[in-house]
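Please find below a note on the structure under review.

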Amino acid sequence: MLTIVRPTSEGMSMSENSASFVAQRRAYLTLILISLFCLMPFFWVVLAAFDPKASQFLQIPAGITVDHFWNLLANESGVRWVLNSVGIVGTATLLCLVLAGFGGYALSRTQAWWKRPLLYAIILVRIVPPPALIVPVYKVMLFLNEWVNGLINSLTSDVEQQMMLSRMFSFVDGYLGLILIQCAMQLPLAIWIMKTFFDAIPKDYEEAAALDGASQWQTVRHVLIPLALPGFAAAGLFAFINAWGDFLMPLMFTSSPELQTLPLGMFRAFLRVDAIDYGFLTALAVIYTLPAVIAFAFARKFLTQTFSGGVKG
Amino acid sequence: MIKLTFEARRQLGYRLMMAPALLLMAAFIVFPAFYAFSLSLTDDALLGFAAQESSFVGLRNFERLFGDPLFWNSLKVTLIFVIGSAVIGQFLLGFASALMLQRPVKYKGIFNAIICLPNAVPEMVVGFLWISMFASGEYGTLNRLVAWFGVEPQQWLYTFPLLSIIIVNTWRGIAFSMILLTSGLASIPKDIYEAARVDGATDNQIFWRITVPMMMPTIFLYMFISTVTTFAIFGLVYTLSRGGPANSTEILGIYIYNQSFTAFQLGYGASVAVVSLVVSMLLGMVYVKALKVEV
């Protein structure tokens with residue numbers, strides 16, 4: 001038996017070896033070509049950000065400098081864009097986590113009649129294309145804006161205070177509006193993620209804690225939140241990445257320079273074709289991209305878990 | 001008796017916990033989606049007489065819409081964009097990457113990270129990077145690349161606008177297709193492959209008779225998700241071309257924006273939005289039905 005099998009298997013492994021050598025080479029070639037395609041556009045932005053003579057074109061840097069990054073700190077609008085983006089997206093993400101935490105938990109634990117319809121509705125809401133909402137959302141925001149500003153004007157007659165409050169709480173061209181709409185757009189996915197993570201936590205744990213005399217709040221604080229931490233991480237990362245990269249909502253609802261966030265500020269700076277400071281913009285692009293890349297690196301392992309919700313994060 | 005009130009209290013608690021999130025989604029997504037339908041029946045505008053007092057015009061917006069060559073152009077551009085980038089570009093390159101990374105290659109982590117990188121970049125930066133890639137003149141990066149093959153410098157965004165945005169979106173989406181298809185490949189039982197090899201099947205036969213049929217559910221899921229997300233793209237194309245030149249990259253999202261906020265016709269813009277909403281909701285319902293999504 002052995003003597004019959006041996007030669008054939010050796011002969012096969014010979015041809016298999018050369019075949020797998022070709023296949024192996026083909027695999028490397030494919031991967032290298034695709035990787036080059038993926039990397040190509042980054043060479044320019046990374047080189048130009050450190051190039052004292054940055055231009056629109058990919059070129060060998062005239063030297064290496066970090067001046068562009070230092071200049072960002074001195075540049076009032078650059079600093080403001082970064083702070084606005086961090087503030088608005090950060091608050092929206094936190095709010096989204098709190099609401100999705102409660103919502104996801106309720107949706108996971110309830111057996112009420114509204115559970116199933118609501119889950120289907122969330123899938124459908126996820127699919128609504130944001131550009132299709134711009135006209136009605138604009139109307140809703142205008143309506144809320146008038147209401148809030150009416151309230152502000154009735155609260156104080158001091159014009160400066162009115163201006164300040166209006167900047168904070170306006171729905172159009174104010175922080176509150178942008179935060180709420182960014183949060184709302186990320187909620188469906190975040191709720192879905194939280195619901196799946198809470199589903200995986202057995203109800204027994206809560207009941208055991210309750211039997212041991214833990215109060216509702218203690219159960220949440222010491223049992224549920226620690227167990228759902230990976231869920232919060234996943235939901236928060238996706239909400240952050242999506243809101244951080246969003247271009248449409250800032251475009252719709254910010255106009256004054258003080259409120260400008262990174263995507264819109266950079267876009268408008270880039271439109272002034274006659275006076276583009278490529279060093280400044282590429283350095284800013286690097287700063288703008290880094291948090292998203294870092295968040296994505298952490299979020300990547302959760303990506304497949306969000307598929308059941310139907311739509312990617 | 002006590003148990004019942006406890007249960008009732010708990011049910012009330014669930015509703016209260018659900019309420020804030022529902023309120024926010026209702027105010028900014030669900031209500032606006034329905035409101036789009038009623039706005040599409042008016043002559044609402046940002047400027048002029050209709051801005052003060054819009055009136056009901058019935059289906060006039062839709063009559064105009066279906067006779068508007070720009071709308072049909074936008075629909076055609078959207079279709080080509082979705083098929084070119086999501087169905088063909090991202091899928092083929094993502095599937096190729098997933099298949100090659102299944103093999104025993106070195107530096108898997110590095111290849112993986114590089115392919116994922118474009119997906120992490122904010123839309124605005126994507127536009128920024130590719131405007132430099134597509135820059136015209138002999139110093140443009142792409143022009144220098146094609147010069148090796150003897151091609152004259154091109155004005156990519158003017159000569160091949162639609163192809164250009166398809167390339168950019170393909171670039172951005174390879175990662176997603178690779179990750180999803182990799183998880184599909186990993187779920188195919190290994191012993192099927194071994195059995196096929198013992199029976200003397202060639203690589204080609206194994207790919208077409210085992211891998212592809214076994215991957216069908218994953219491929220279907222990928223096609224659905226990528227179609228829906230590509231359909232909803234706005235910022236990526238807007239930062240690159242703003243729909244131009246001459247409407248050649250005016251996908252539906254940009255057409256809605258341009259009609260509503262550049263031409264100031266909110267009612268007409270809303271009627272385009274209604275078409276876009278109906279299309280995506282139909283896709284969504286097909287998906288929920290076909291996959292019997294577990295909830």
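The points below take the interface and then the cavity.

1. This is a predicted model, in which local features need pLDDT of at least 70, side-chain atom pairs count only at pLDDT 80 or more, and totals for chains, interfaces and linings use all residues. Residues are numbered from 1 along each chain as its sequence is written, chains are lettered from A and ligands numbered from 1 in the order in which they are written, and side-chain values use heavy atoms, with hydrogens and water left out.

2. Chain A contributes 94 residues and chain B 100 residues to the contact (heavy atoms within 4.5 Å). Between them the chains bury about 8,700 Å², 81% of it on carbon and sulfur atoms; buried area is the accessible area (1.4 Å probe) lost on putting two parts together, summed over both.

3. The two chains share 1 salt bridge (a side-chain nitrogen of Lys or Arg within 4 Å of a carboxyl oxygen of Asp or Glu). A:Lys139 pairs with B:Asp44 in a salt bridge, with 2.4 Å between the closest N and O atoms.

4. On the side of chain A that touches chain B, 74 residues are nonpolar, 13 polar and 7 charged (Ala, Val, Leu, Ile, Met, Phe, Trp, Tyr, Cys and Pro count as nonpolar, Asp, Glu, Lys and Arg as charged, the others, Gly among them, as polar).

5. There are 4 cavities of 30 Å³ or more (sets of points on a 1 Å grid over the protein atoms alone where a 1.4 Å probe fits but cannot get out; lining residues have an atom within 4 Å of a point).

Key:
1 Å grid on protein atoms, 1.4 Å probe; cavity = no way out; pocket = protein on both sides within 12 Å on 5 of 7 lines; lining within 4 Å. Points joined across faces, edges and corners; volume = space filled by probe spheres on them.
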